Amino acid sequence: METLAGGTGDEPKLRQIVFIALIAIIFTVAYLEIYGLLNHLIWFEEGVLKPPRWAIPVGVLAFSLLVGLCRRYLRAPTVIHGGFTESLKGGGEKPDYRTFPGALLSSLFSLLSGASVGPEGTITVLIGYISSYTRDKLKIRSTTAALGFDVAALASAFNGIIGNILFTGIFATEFQVGGSRNALKFLTWNLLAGTIGYLVYLLLGLPSFARSIPFEPISELNLAYILYAVVLGILGVLLAVLMGLSMQAAGTVMERAFGDAVITQTLAAGVIIACIGYFIPEVLFSGEGQIHGILADPARFGVGMLLFMAILKILLLALSFKSGYLGGPIFPVIFSSTLVGLALHLLFPGIPVSIFVLCIEVAAITLALGAPLTAILLVVVVGTADQNMIVLLVISAVTAMLLGAAAKERRGT
């Protein structure tokens, strides 16, 4: 008889869920600390790029070459043939453990290369290796339980770095286990592992992404704000559509131009990233560091430049994914959405900037990932949305989902 605690047949017991939760959060902390140390030594000092302008292309090309070498000789995985959602899914097919060194090195080199990818995708890939290996050692052979076990490992990793104890519970329900007959049992494992990861991260005093882009609360709700949320939801949809089209175009171009020449492919993308980064360094990397300088004084850039950088970031995200860099899409999407919102606020300063930024963010992430609850919770946590703002976020997310559903229905007819 199956229970919430598991342990039937070849399924994991609760103590094994606790075990993988501890392994996942310890690895995640170590990985992010190493990445942060390297990033500080090579690139950033208090959020500002340290190297002289001429050194930026040198660093970008050097790390891009290393990514290509990892792909060619260490068989590092990529998400070239997937999309945004695939980069955030753990579990699934059993990885080849012999490729773990390539995955580990490629993930670090990708994040250090200046490519437009975020750390969440690299953590997903690496935790997938660790979880699968641990399952084998624990002799957990049930194929149905494997997904719940792997997502529990991800919960421990992500709840800490996101800074919310429920984040991966929502994430798993929408992405991973929502359609499974074991969904309740898997969610129990997820919440247990996620709590462990969150508490470990909190007790270590490590910085999370919660409240990393805080906005002032809005004092009231009115009809105008609700209409703004709908319009901004439409703009977020257009941004997500641009992301999808860019991914398709980049994939087609890179495939036709380079085929299986993986090192040349990655180096060619590195040349493009390096040239753009030389002139506009703000669009390098995931954007989580550069966004604070832009938020501090968006008028310094102006409406046109903010919109240009937002579009450029989307194009670089697509190029990075389809050229073999390893990472995730969330922070580049937040970066682009934020810049569009700041540009609109410069045009309409009477409207709170939080409405512009957060409503576009939630709509773009909702449609790009197909996960409205995850998008809402993520934006609430990162942007410190208050109750009034949450209402507008829900309206914007619903707008995105309705437009997405209508587009799918139209394509199906």
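**Figure 1. Surroundings of R135.** Apart from neighbours within four places in sequence, R135 has contacts, meaning heavy atoms within 4.5 Å, with I140, A146, F149 and D150. The model is predicted: local features need pLDDT of at least 70 and side-chain atom pairs count only at pLDDT 80 or more, while totals for chains, interfaces and linings use all residues. Residues are numbered from 1 along each chain as its sequence is written, and side-chain values use heavy atoms, with hydrogens and water left out. R135 belongs to helix α4; helices here are DSSP runs of H or I with at least four residues, numbered from the N terminus. With a relative accessibility of 10%, R135 counts as buried, the classes being buried under 20% relative accessible area, exposed over 50% and partly exposed in between, for a 1.4 Å probe and protein chains only.

**Figure 2. The salt bridge of R135 with D150.** A salt bridge is a side-chain nitrogen of Lys or Arg within 4 Å of a carboxyl oxygen of Asp or Glu. By this rule the model has 3 salt bridges. In one of them, the side chains of R135 and D150 meet with an N to O distance of 2.9 Å. R135 lies in helix α4 (residues 119–137) and D150 in helix α5 (residues 143–162), so the pair ties together parts that are 15 residues apart in sequence. Both R135 and D150 are buried.

**Figure 3. The network of R75, D96 and R98.** Salt bridges that share partners join R75, D96 and R98 into one network. Between D96 and R75, the closest N and O atoms are 3.3 Å apart. Both residues lie in the loop between α2 (55–73) and α3 (100–112), so this pair ties together parts that are 21 residues apart in sequence. D96 also forms a salt bridge with R98, where the closest N and O atoms are 3.0 Å apart. D96 is partly exposed at a relative accessible area of 27%, and R75 is partly exposed at 45%. R98, in turn, counts as exposed at 65% relative accessibility.

**Figure 4. Packing of helices α11 and α12.** Two packed helices are described by the angle between their axes and the distance between the axes. The axes of α11 (residues 302–322) and α12 (residues 330–347) come within 8 Å and cross at roughly 165°. Axes are lines fitted to C-alpha atoms, for helices over the stretch in contact, and angles run from 0 to 180 degrees between N-to-C directions. The two helices are therefore roughly antiparallel to each other, a class for angles over 145 degrees, with under 35 roughly parallel, 65 to 115 roughly perpendicular and the rest oblique. Their crossing is left-handed, meaning that the near helix is turned anticlockwise from the far one by less than a right angle; clockwise would be right-handed. The contact includes L306, L307 and M309 of α11 and F335, L339 and L342 of α12. Its residues divide into 16 nonpolar, 2 polar and 1 charged; Ala, Val, Leu, Ile, Met, Phe, Trp, Tyr, Cys and Pro count as nonpolar, Asp, Glu, Lys and Arg as charged, and the others, Gly among them, as polar.

**Figure 5. Packing of helices α1 and α3.** Helix α1 (residues 14–42) packs with α3 at an angle of about 45°, their axes being 10 Å apart. This makes α1 oblique to α3. The crossing of α1 and α3 is right-handed. From α1, F27, Y31, Y35, L38 and N39 meet F100, L104, S107, L108, L111 and L112 of α3. By class, the contact of α1 with α3 has 9 nonpolar, 2 polar and no charged residues.
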